[in-house]
Amino acid sequence: MKWRGGKSERMENKSFMNINNIMKQAKQMQAQMMKIQDNLANEKVEATVGGGMVKATFTGQGDIVEIKIDPEVINPDDKEMLEDLIVSAVNEGLKKSRELMTERMGGITGALGAMGMRM
């Protein structure tokens, strides 16, 4: 006959409760992350280079949504300069977009770190 209610059984129940709490927290974090991702899709960041000659606009998720080029910078004899400005604007916009995402996700990634998980 096996004795019930001993220390081993209480530890198993406690472990089960801890796993349930972790799963519940994980679901809450997943819902928060999805909400943040949706919000980031609607947020915009802009990068302007060349004294305002080229402007790139991105969503918070890193999607480019617009590039504006001042007509004064369009010179068929110096297309390399325009190409460089566009590349610079895109790179700066991507950087700003990543920074925004990191800022918005900071609370969730911090909570995961507190749980012993790495992002």
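Which residues does Thr-57 touch, not counting residues up to four places away in sequence? In this predicted model, local features need pLDDT of at least 70 and side-chain atom pairs count only at pLDDT 80 or more, while totals for chains, interfaces and linings use all residues. Residues are numbered from 1 along each chain as its sequence is written, and side-chain values use heavy atoms, with hydrogens and water left out.

With that exclusion, Thr-57 touches Lys-44, Val-45, Glu-46, Asp-63, Ile-64, Val-65 and Glu-66 (contact means heavy atoms within 4.5 Å). Thr-57 is part of strand β2, which spans residues 54-59. Helices (H or I, at least four residues) and strands (E, at least two) are DSSP runs, numbered from the N terminus. Thr-57 counts as buried because its relative accessibility is 6%, where buried means under 20% relative accessible area (1.4 Å probe, protein chains only).

The protein chain contains two helices and three strands, in the order α-β-β-β-α along the sequence. Among its 119 residues, 19% count as buried.

The largest nonpolar core has 15 residues, of which Ile-36, Val-49, Val-54, Leu-85 and Ala-89 touch the most other members. Such a core is a set of buried Ala, Val, Leu, Ile, Met, Phe, Trp, Tyr and Cys residues joined through side-chain atoms within 4.5 Å. Two or more residues of this core come from each of α1 (7-42), β1 (44-49), β2 and α2 (79-114); α2 gives the largest share, six residues. Leu-85 is in contact with Val-49, Gly-50, Val-54 and Val-73, leaving aside neighbours within four places in sequence.

Conventions
Buried < 20%, exposed > 50% of the residue type's maximum accessible area, 1.4 Å probe, protein only.
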